Amino acid sequence: MSERGPSAAPSHEPSRSPSTSPSAPAPGPLTAARRTGLLVTFILGGLTALPPLSMDMYLPALPEVTAALGSPAATVQLTLTSCLAGMALGQLVIGPMSDKWGRRRPLLAGMAVYVLATAICALAPSAELLIGFRLLQGLAGAAAIVIARAVVRDLYDGVEMARFFSTLMLISGTAPIVAPLIGGQVLRFADWRGVFVVLTAVGLALTLVVWRGLGETLPPERRQTGGVGAALRTMRGLLSDRVFAGYTLAGGFAFAVLFSYISASPFVVQEIYGASPQAFSLLFGLNSVGLIVVGQINGKLLVGRVSLDKVLAAGIAVLTTASVALLLMSTGVFGKAGLFPVAAALFVLMSTMGLVLPNTNAQALMRTPHAAGSASALLGTSSFLVGAVASPLVGIAGERTAVPMALVQLSCSLLAAGCFLALCRPWRDREAMAAPADPAGPAAP
């Protein structure tokens, strides 16, 4: 099979967004069928869903793993931490690799290692080995999410890219909903090792679909050259671009709001407000549906009619407002709040992610046509690392108060707003924001 994949055809020049500089190189020549085909959409959606599947499908099995391996709960929790750390760090390695060697080879190599590591996790005889191979699973699985974003940048530009990111949320956003349900059903017929058997099968199927259905999207003439030093210089150049850094940080802090919600909501909803596990599952599912629906509103109705920065500004404003409401309710400023108003505020907060996350990704990647892999790596790693730092803070005062969760969410919302306003400066830098970032060095101040 050729490197360009199974679907070579006459070229098709992508449409140009008004927000993109004419000097910015267009995505590589691709046919309309390849750009908009359902198969490519589902492949990229499956790749972005793989990390949350790897994390969340395993959650119902944690108590059983603790008993089966005879390890303390704190040790078994490290199997989650190691996988998350692997996903964060792996993106920094795989992103630049995909800029140098193309998207297909690093992606297929990463998926092959993911399948192998996941299969070994199913056979791990001790918690220590399980932690090690979960780290390897995360490192390899990082290829899925970082290259999926880079492929989107190769295929799309301008508002089309923002629309496609919103479409991906329709697929990948369902993963956190269904993953624990699948894991729970697997545990009815098998022990905890069965969860990794299912993940191995999912990874193998996705690898085969990628091999057959996703062609190379980065032509040789647009690839980066050089070794590790060149990759580091590229990342330094991206980070020194003020506007790219602004979108990256704004998206990272918004993602931290999401992480804090995932970490704290089981305790807040069940322990503080007395909801049953079934009620919590229903609320969690409704919030995820809200995120997906708002993401589709963003992609189908807003993008192309309203500027991405206006939508992003509105999303951050609503996110901050919902965080303020949660803080006021958790501190009892207006008296003791019941579950309904708290659940409503959490629903608004989660749904708003459908406006913030796809547009920060699109605006950041729009500036990096020559280094989409490295840019995608920085976007993903910053989100995972900031989220990983924020998550433990929500429980710093124990399980009987929601104040730490609300404080973390408000602080991260304000930091996201500050980065967007101070670094992106959407009202001042129209031309600078339209110009692509130079990965070899800093952009103009």
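Colleague: Which exposed residues are carried by the face of H3 turned away from its buried side?

Modeller: That face carries Pro63 and Ala67. The model is predicted: local features need pLDDT of at least 70 and side-chain atom pairs pLDDT 80 or more, while totals for chains, interfaces and linings use all residues. Residues are numbered from 1 along each chain as its sequence is written, and side-chain values use heavy atoms, without hydrogens and water.

Colleague: Why is Thr79 called buried?

Modeller: Buried means under 20% relative accessible area, exposed over 50%, and partly exposed in between (1.4 Å probe, protein chains only). Thr79 has 1%, and is therefore buried. Ala422, at 44%, is therefore partly exposed.

Colleague: What makes the pair of Thr79 and Val76 a polar contact?

Modeller: A polar contact is a pair of N or O atoms within 3.5 Å; within protein, one must be able to donate a hydrogen and the other to accept it, and residues adjacent in sequence count only if both atoms are side-chain atoms. A polar side-chain atom of Thr79 lies 2.5 Å from the backbone oxygen of Val76.

Colleague: How do you know that the buried residues of H3 are on the same side?

Modeller: H3 spans residues 62-69, and its buried residues are Leu62, Val65 and Leu69. They cover an arc of only 55 degrees around the axis, so they are on the same side of H3; the arc is that of the directions from the helix axis to the C-beta atoms. In general, an α-helix has 3.6 residues a turn, so residues three or four places apart point the same way.

Note on methods:
Helices (H or I, at least four residues) and strands (E, at least two) are DSSP runs, numbered from the N terminus.
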